[in-house]
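Good morning, everyone, and thank you for making time for this short talk.

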Amino acid sequence: MAHAMSDDQVAGELRKMTAFIRQEALEKAKEIQIKADEEFAIEKSKLVRQETSSIDSEYEKKFKKAGMSQQITRSTLANKTRIKVLSARQELLDKLFEQARGKLAEYSKDKGKYQELCKNLILEGLYAMNESKVVVRARKEDYDVVKKAIESAKDEYKKSLDLKELKVDLDEKNPQPDGCSGGVSVVGGAGRIDINNTLDERLKLLETDALPMVRTSLFGKNVNRKFSD
């Protein structure tokens, strides 16, 4: 027959049960704390990585934007500098051709050289025209010189092509306009074909045809230019 526990025994059992429950609670609380610390560390690491990635991404965007801005600035400055250089070069070329234009009229002062020039200009027109009858137009003040040039050109042309008939007349009714610097025009084809060999026209052709050579002589070869204009 079981004996009833005394009060002291009951109190001892209660203390044991309380201690056991307390120990269990402490261990459970410790487990919960460890798990919470682990989860906190994981979440913290995740947040740090996200913030770091966000900062890196923002920095990269700003860096790229700054780099792009620098490139645009450099390109803008380079273009402005290039335009200034090209403008200065063109201004110099225009000035050179303007000076040449101003000296054209002086060429006719040396009658011997000017007569030889007119003869060659007439010859060039005769060879290009290839007709037996043409007229030559010149400035009024050049008529005497051009008449002699016509005769020289006729003789040379007829001799070179073994021709017997060639008519070259000075068109005194239609002189070169005022302001013309000299030279001649050779007209054929019943007035339909006009080869303009005036000094002014030859200078215009020189500005176009010889410009690449003049540019290279003055400024050197442009390594960026693939073709000559």
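This is a predicted model: local features need pLDDT of at least 70, side-chain atom pairs count only at pLDDT 80 or more; totals for chains, interfaces and linings use all residues.

Residues are numbered from 1 along each chain as its sequence is written, and side-chain values use heavy atoms, with hydrogens and water left out.

Let us start with helix α3, residues 143-161, where helices are DSSP runs of H or I with at least four residues, and strands are E runs of at least two, numbered from the N terminus. Among the buried residues of α3 are Val146, Ile150 and Tyr157, where buried means under 20% relative accessible area, exposed over 50%, and partly exposed in between, with a 1.4 Å probe and protein chains only. Seen down the axis, the buried residues of α3 fall within an arc of 165°, so they line one face of the helix; the arc is that of the directions from the helix axis to the C-beta atoms. On the other side of α3, Asp144, Lys148, Asp155 and Lys159 are exposed.

Now to the salt bridges, each a side-chain nitrogen of Lys or Arg within 4 Å of a carboxyl oxygen of Asp or Glu. The structure holds nine of them. In one, Asp171 meets Arg137 at 3.0 Å, N to O, and this pair links distant parts of the chain, 34 residues apart. Asp171 is buried, at 14% relative accessible area, whereas Arg137 is partly exposed, at 22%.

Terms used: The expected span of a helix is 1.5 Å times one less than its number of residues.
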